[in-house]
Every structure is written in C-alpha cells, then in structure tokens.
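Subject: Handover of a structure for your review

Dear colleague,

Please find the structure below, together with a summary of what was found in it. I would be grateful if you could read the two side by side.

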Amino acid sequence: MSISAEEVKKVAHLARLAVPEEQLEGYVRNLSNILNLVDQLSAVDTTGVEPMAHPLDMMQRLREDVVTETNHREKYQSVAPEVENGLYLVPKVIE
Amino acid sequence: MSKADSIHTLSLKGIHDGVHSGAFSVMEVTDAYLDRIERFNPELNAYITVTRDSAKAQALEIDNRIRKGELSGPMAGVPYALKDLFCSEGVRTTCASNMLSNFISPYDAHVAAKLKAAGGVLLGKNNMDEFAMGSSNETSAFGVVRNPWDTNKVPGGSSGGGAATIAARLAPMTLGTDTGGSIRQPASFCNITGIKPTYGRVSRYGMIAFASSLDQCGPMAPSAEDCAITLNVIAGLDVRDSTSVDRTVPDYTATLNDSIEGLKIGLPKEFFADGLDAQVGVVIERAIKEFEAKGAIIKEVSLPNSHLAVPVYYVVAPAECSSNLSRFDGVRFGHRCEDPKDLRDLYERSRWEGFGDEVKRRIMIGTYALSAGYYDAYYLKAQQVRRLIKQDFESAFADVDVIMGPSCPTTAFGLGEKKDDPIAMYLEDLYTIPVSLAGLPGMTFPVGFAADGLPVGIQLVGNYFEEARMLNIAHQYQQWTEWHTQVPTKFA
Amino acid sequence: MEWETVIGLEIHAQLSTNSKIFSGSSIAYGAQPNTQANLVDLGMPGVLPVLNKKAVEMAIRLGLAIDAEIAPKSVFARKNYFYPDLPKGYQISQYELPVVANGHMDIELEDGTVKRIGITRAHLEEDAGKSLHEDFHGKTGIDLNRAGTPLLEIVSEPDMRSAKEAVAYMKKLHALVRYLGVCDGNMQEGSFRCDANVSVRRPGAEFGTRAEIKNLNSFRFIERAINHEVERQIDLIESGGKVVQETRLFDPDRDETRSMRGKEDANDYRYFPDPDLLPVEIRAEDIEAVRATLPELPAAKKQRFMDEFGLNNYDADLLTQNREVADYFEAVAKACGDAKLAANWVNGEVSKMLADNELEISASPVGSEALVELLKRIQDNTVSNKIARDVFAAMWNGEGSADEVIDKKGLKQITDTSAIEAVIDEIIANNPKQVEEYRSGKDKLFGFFVGQAMKASKGKANPNTLNDILKKKLEG
C-alpha cells in the first residue's frame, strides 16, 4: 500500500511536524515502502486472536493515595526554554 | 607492563578485588579508563558526554568509603557508562538528539540510581541511534560511531556507542537498551556479551522511552559473568514502573558454574533459512557443535510466524513512539525553535528541527497506523499477530530449554551502506525482533569471526525469567573459549 | 412545527483524593503555579505513571450508586493531541473498557413525574493544566498544578429533552457525588464541570447533528447556554442552514455560544491502550469492600424518612439532597421525638439562615444539639413557635443557648391564667364596640382580640391558653 502526499501532510500535521514541501516526496516514498513491508500482515488469519498490548499477563499495581512529592519548581524549570513567575510561557493561545 | 596499562583488561570481579585488596585505588581505575577514553574516543565517537570531573569526585569518595568499610559490594569502585537515554541527575542526557542536546536531567533513572548507590563510577554517556531508533548508530545527531574491529564499519545499533565502548575497553561495563535488538545486534557486531532481560525484569523508570511495551534495559560487557554481576544490581521491582515485575531476583552469579549437560537447545529452522549470510551460519553452527560436544541436546524447533515479526514491529514500535515522543514540544524542556510566530509554529518547527529523519519517519508511520480508519488494519492486526509470535515461542519452549541461533544475518556492514534504505536496515533485526515482541530474555555472546574477519555473536533466548540459566550457559561457553577476550589489536 | 431538544451531558467530577491519579503530587487547590507539578505531572522524559488506588475505589463507589456495571477488567488508553496544558501530548483516559458502564439515575420533573436518565459510562482520566491568558508580553502562561488531578467523566445517554431536565440531572448528580464523598462539588474551583451535547429534531425523527458546549460551570449557565444553543440551531435550520458538529463555548457575558475554532482539526485522537499501564483488575471482593463503606443513598434514605418518620414526599426529598443535612435532621428528630417539627425547622429556619449566609450545614452556628434544646422549649410550652424563631436568631448570632436566650430576654411564655385573664379583661373593657360586633355574630373579629392580647403580652402569652380564655370571656 502506498501513502499519498496529501496523507503524509495530514499525518505530519497530526504529529506536529513541519515537512518542507521539497522533502515531501522523500517521505511519501519511504513511508510507502514501510507500509508495503507491513502489508504482509493483512494476509494473516487472526480470527479470534486477542490483541497483545503487553508481553506479560500482569495486572496493574495500585498506589496508596499518599502525597509523596514536594516542590522542586526551580530545579525542574531550569531546563525550560521560557518561564516567568513560575509559569511556562508559550505563544499566545487563542481560544 | 605498568598497572595502569593492564587495568582495562580486568573483569568487574578483577576490578572489585583489586580495589578492595588495595592493589590499586578506584581513582587509578577511573583515571585509566578516562585516559583510554581521551585517547580512543575521538576515533570511535562512542561517548557523547564524558563525565570526567564527576567521575573523579565519585572515585575519591568511593575510595574513602571502601577504606572505611562502608562499601564492599561487587559494584563498589567499578567504573561504568550509560547509554545516553538513561536520565542521570545533573548530567546531560541527549538521546543522541538535537531535541535534547542541552537537556540536563533533573533526576536519576532507576538503574542509574542503583549503580550509583552500589558504588559505581559513571564515566560518561554512550552514543546511540537517535531515541534508540536505528540499527547502525548512524542516526545519532552527535555523529556516527565506528566499529573498533573495522572503523569503516558500523558498530550496530541502537546501543552502538555502548558496544564500541566495551569492544575497545573504554569502560568495563555499560547499560544499553533493547527494543528490537538494540543490545544484541551491536553486541554481536562488536564481539561483546549483552543481555536483554525479560520485559519487566528491570525498571524502565528514567529510561527515555522509545516503545514502552518493548523497551528493556540490560548490561553490555566483555563476559557473561560481568553481565550477571551487573544484573544482580539493576534487576528487581521498582514500584514507579507499573510494568516492573514483583518477583524474586535470583543471584545470577550463583549458578554460573552449573553444568549444561543434558541442556536441550532448540534451533529455529526459520533462523537458518535464506537471508542468513553463509559466513555467519558457519560460525554459528560450529558453536552449536561445541555445545553438543559438551553434552547439550540439539533439537530443531519452528517459529512459523517469525517472518512476520519485522512487519509487526514496524507498526507497534512506531505507534508507541509517535505518542511517547509527543512530550517533546518545546514547552517544558528540550529544543525550542527561534521566535515561534504562534503555537502551531512552535510545535511544528521545534519538532521538525529537533528530530532527525529516522525519528520523524517512525513518528509519522506510527501516527498513520493509529489514525482514524487505519487503527484496526494496522495497530490491532499487529497486536494480534504479536500474540501468534508469542505463542510460537511457547510451543517451542514446551520441547526445549533454550533457543539458539544467529543474532544477526550478517556481520557489521559498512558505514553508509544501508543508510538510505530503511527497509534493508530494518531487516537486520529479523532474528532479534521476535524475541522482543514476545517479551522474552535474549542475549548475545561472541562465538568467533567470519571469513571477513568480523565478529559473530550467537543469540541465546530463554523462557521468561530464565536469565540465570542463560548467563550460566554463556559463562560455560566462555570457560572453554576465548572469543570474548579478543580485543582489536589497536585497542588491546 | 414543533421541535424537540435532545441533550446528553458529559460531567467531569474531580475526585477528592489526596494525591494525583498517576503521581504522588498533592491536588490541593490554590497553590503557587507549578509547585505541585512533579516529574510525572510535567511529562519529563523517562517518567512513568502509577495508578492511585483511591481513584479506582471512588469510581466503583459512584458506579454502585448509579446501579451500574463495574468492569472486572478495565483499561487505560492514551488520547493523543497537542495542547500546551497537556504535558505529555496525550491524556491518559479510558476508551474501550471504562471502570463503570450502563448505570442510571432517576430525576423528578416539575410536574412530579419521575424520569430515568441512562448513564452510558463513567471513566477515570487525568485532568490537564491551566492556560493563563493574562498578558505575559502577549504570551500564554502554563500552570501544570492541575495536570494529573483525577477526574471521573460521567457520560449520560441523550435522554434529556429540555434545559430544565438537564439541570435537574446535573443537580442530582452533583448531590450524589458529594453524598458519596467522591467529589467536593465546588463548581467555582472547577471540581464539577459539564459539557453538553445539544441537538434538535422533529419529534420522532432521527437525532439531529449535535454541537458540544464546553465548560458549563454553573447550574444557571447550563440552562441559559442550552436554551440559547437550541434557539440558534432552530433558527439556523429554519432559515435553510445546517448544524455542524463542532465544539462551542458559552459566553455568559454575551449570553451566546460561539464556535471554538482551532480545536476542530485535532479530533483524530488516535486512542490506543497505554503501554505504560496494565489492565486494572476489579474483583468481586473489591467491589463488595467498597459497597460495605457506601453510605445510605439519597433515594433509600428518602424512603426511610417517609416510612420511619412519617414525612411527606416534599420534606423527605429536601432533607435528603445533602448527606450532612440529612444527618442533622435525623439527629434532631430522634432527640426531640417530633420528626414533623424537626423537618419544619431544618427545612425552614435552618435552611433559610444557611442560604442567607451562604453556609454549609457543617458550618451552622446552631448545631443539632442546640436546636434540639430549642425545640424542647416549644414542646414544653416554654415558648411559642413564633418566639422560638427569635430565640433561634439570637442563638445564630452567638447570644447563647436556647435557655440562656429565653432567660436573658425574658421570653418565657405566660401560662399563668390569671395574668392572661387580666390582660383580656382590659382589652374587652377598652374595646366595647368590637365586643358588641363580635357578640352580634362578626366571628372574624376574634383574630383582632388575639392580636391585641398578644401585643399586650409582648407575644409571650401561651396561644392555646389565650384562645381558651378569650373565647370564654367574649361569649360572656
């Protein structure tokens, strides 16, 4: 199966990647090749097979409802691109 | 030969014994490795960051604590490296990506904290494929790593920097991660020993995720014994990782000397079919004969769905990665583009600039596979076939104790050779991926050299949580043979 | 031609846990920005979620209260979209296997009939942070303290047919979550929020295209927002237009809903099971353990109040809207032995004063024991019901206990017949004309004499005694 340039653009937008127009063709080719590889799966009969999301058949462990964390804002924000008054800043969000 | 010149030939146990008997200090060991890194790393590019100052500070402190009797464990005074996707507090943690080129981690990964607490000395962070996506270490934003056995060849990936580090003895041990073969394939290409434990055996907390249901951390070192010593320190329950298993950790060193007589070894016929380079096949078969000669029983088994593993993997891993890598958005950490004009520009440009080609390809494939209208045909289907692959292994393990076969279809390939052909690159992992999908433990250890003079590793797959048995088998082999002690002349 | 409104509600209730759903950070409201956002909440590289047990128990609690099915195996999924207040680029939510499914709740309509509203599902998820749009040199500030706060999203069937029904449902659910102690219900702080799916159709026709109105955080807004949206849709259709499926925001200042541009293209959420979390197993014994801690539910309590205390439907309903009120009433009724009197007072004076002062009953200055003391003084004729209201007001203002107030203010009822007779004799003597008229058949004037007598006794005359004596004397 191959993927169209339109679909690549749509996927790139969903993934928030700004693919420059001149590189689009390369992605169309590479992604189509990968999809061709993957297409072998469609021939497999998987009737009644339960999808396997985890390698081990384990159940979720639950945590007691206890506050264990303290404030480390300064440390955590030391790696942030832009902060002010303890807030992370981003370009204006229009609602 | 002076003391400093031979330190790098010591095993973890040798280092431990030396620093505890007073034959040499932790500082001397650390200096010896730092010197080797300074000398050889420029050529190999196996380290992204060398933590020289903090290593020396740690060495000083650990020397003191050993002297005072506060530290005595098997890792006390042992230098090590970490693949650069383990968060290490106060140390740059890049994932070999421009996205994180300035990221100083504010915390330690579980395994990093374990090694630190055990008295290890962190030498630095190993190069890798960007975000662990690759099989050649060529996708690193910090440059390619060269294979110490032939510097025109790749070291394999994604833990290529780690494999080259151990092969050239620029650290006595490092931790890698394996999602579809990222410990086993480079270990095989570089003539070292590496083990990917059962999924859930080692905590993933602080390991920057590629594909959460596949990623697993494991040691890479010259010998199985070194791996066993390391696994003793890092394995076990960590409640911060919901997928970490609550199950007793055996002493992996205790059974290293057990006999392998009567061991039933299964050879999957699919792993010896077309696609396997004949010069690799010869070496693997010779190793199997050696096991047989030592009393192992060889049986053929079948993994009929294993040819579907690569397609399954290239749906599941990208799907998970597309979501795991969404947090890199230029808001709280990581690369942010210059002067974003609005929010969309901030996201799209930061991510475009921060990620390399292979990462972007996988994010897009994963996004596509999960998107409306394709989920059932790709993601769900892949998860179903994944179960079939697991069931193949379950059937095989009904007849045999362990499975053996090649780790890779070829020896190390040339730098640039497969760079522009993602599919050819993906097929490098056809023997390691099925094991990852099933969550089984897999390891590689050196079994000789192919006609082209490059190393060949054999893959050993155990049943769930059978790491002790696997390390025992590899250790026994390493008692009869000396392949694992071979170091390229230049780095000897 | 007539139009029928179809409404379904999605209600987000913040769960009253101590810590976040996937991390050990506090969820306390009002902290300095980002001081309650730890590594997990910030979505730092390498961190992993671990599920809070209490959040699961609270979901089960609600599920049992709405007579729903509790899933033996429940799965968390990732909902993928980019937004600055969503740190990981995905929200951990539930998609295919929510904890709670197929419940229902009965609401009472204005005409007194009961309507059953289906509850499709209730699932656990994490809240996002907050975007602050005040001016940071034209930028938006992000506070992630709220990120990871546990939410229970309660999704109804499209069973409501008017804004009033929607409000009745929301109020009932609001009372229930507080009753169960799973949510503090504080709508101002956003602990209980509602999105409404609204469409219109011709009666009997297929459902129309719906619009989703976001973030309705008061009962008043939801009614106004729905009514405006319905009007908008009808106008649109009748003028030949078409309703588009979209997200709209209610603007209370301009009293209208408006389209939220920019969110539309992000609606391919690519849900898939979160590989960092395993399926949650809920065994029968886990459910029973939660059931054992369940309080008596409003409906059962209401029925009991009617059976045990002989209350009417109206009183019983009012008294069981809130668990603390019900407990207060029950304590008073049992201690004074007169449930009707207790009900009148709790639904009357007590409720009025609480409402006037915007207080919860737990903060009432007059506790149940203090009220009992006052009611006993009514029962033993120390004060009349009317005087008791003055006593209550004084007690509310902290002037002392019932007896202290009665004593201090000399409000004790006059039951001494001779004293009352003297007062009445004087009134009869002073009003010969009225006495004449009364005696010639103008019965209505009896009230006039009662009023005069009460006035003269400053309200302290026992009304029964006064009536008896007055009647005798007037009849002469």
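**Interface of chain A and chain B**

Between chain A and chain B, 21 residue pairs are in polar contact, both residues of each pair being at pLDDT 80 or more. Please note that the model is a predicted one.

On the side of chain A that touches chain B, two or more residues come from each of helix H1 (5-14), helix H2 (21-38), helix H3 (73-77) and strand S3 (87-91) of chain A. H2(A) gives the largest share of that side, with nine residues.

The interface of these two chains also holds two salt bridges. One of them joins Glu82(A) to Arg336(B), with 3.0 Å between the closest N and O atoms.

As for the extent of the contact, 53 residues of chain A and 68 residues of chain B take part. The size of an interface is often expressed as the accessible area that is lost when the parts come together. For chain A and chain B, the buried area is about 5400 Å², and carbon and sulfur atoms give 69% of it. Within chain A, the residues that lose the most area to chain B are Leu41(A), Met52(A) and Arg61(A), which together account for 14% of what that side buries.

**Interface of chain C and chain A**

Chain A is also in contact with chain C: 37 residues of chain A meet 55 residues of chain C. The area buried between chain C and chain A is about 4100 Å², with 57% of it given by carbon and sulfur atoms.

Two salt bridges are counted between chain C and chain A. Among them is the one between Glu64(A) and Lys53(C), whose closest N and O atoms are 3.4 Å apart.

Which elements of chain C supply at least two residues each of the side that touches chain A? They are strand S2 (51-52), helix H1 (53-65), strand S9 (130-136), strand S10 (139-143) and strand S17 (280-281) of chain C. The largest share of that side, five residues, is supplied by S10(C).

**Aromatic rings**

Over all chains, the structure holds 38 aromatic pairs. One of them is edge-to-face: the ring centres of Tyr107(B) and Tyr205(B) are 5.6 Å apart and the planes lie at 65°, which is over the 60 degrees required. This pair links distant parts of the chain, 98 residues apart. Tyr107(B) lies in the loop between strand S2 (79-83) and helix H5 (110-117) of chain B, whereas Tyr205(B) lies in the loop between strand S5 (193-196) and strand S6 (216-221) of chain B. Both tyrosines, Tyr107(B) and Tyr205(B), are buried.

The pair of Tyr374(B) and Tyr378(B) has its ring centres 6.2 Å apart and its planes at 40°, so this pair counts as tilted. Tyr378(B) has a relative accessible area of 5% and is therefore buried, the limit being under 20%.

Chain B also contains a cluster in which ring pairs link Phe103(B), Phe131(B), Phe328(B), Phe333(B) and Phe355(B).

**Charges over rings**

In chain C, the charged end of Arg202(C) sits over the ring of Trp3(C), at 3.7 Å from the ring centre. The charged end of Lys79(C) is likewise placed over a ring, that of Tyr269(C), 4.4 Å from its centre.

With kind regards

Note on methods
Residues numbered from 1 in each chain as written. Chains lettered and ligands numbered in written order. Predicted model: local features only at pLDDT ≥ 70, side-chain atom pairs only at ≥ 80, totals over all residues. Heavy atoms only, no water. Phe/Tyr/Trp six-rings, centres within 6.5 Å; stacked < 30°, edge-to-face > 60°. Helix = DSSP H or I, 4+ residues; strand = E, 2+ residues; numbered from the N terminus. Buried < 20%, exposed > 50% of the residue type's maximum accessible area, 1.4 Å probe, protein only. Lys NZ or Arg CZ within 6 Å of the ring centre and 35° of its normal. Contact = heavy atoms within 4.5 Å. Buried area = accessible area lost by both parts, 1.4 Å probe. Salt bridge = Lys/Arg side-chain N within 4 Å of Asp/Glu carboxyl O. Polar contact = N/O pair within 3.5 Å; in protein donor to acceptor, adjacent residues only side chain to side chain.
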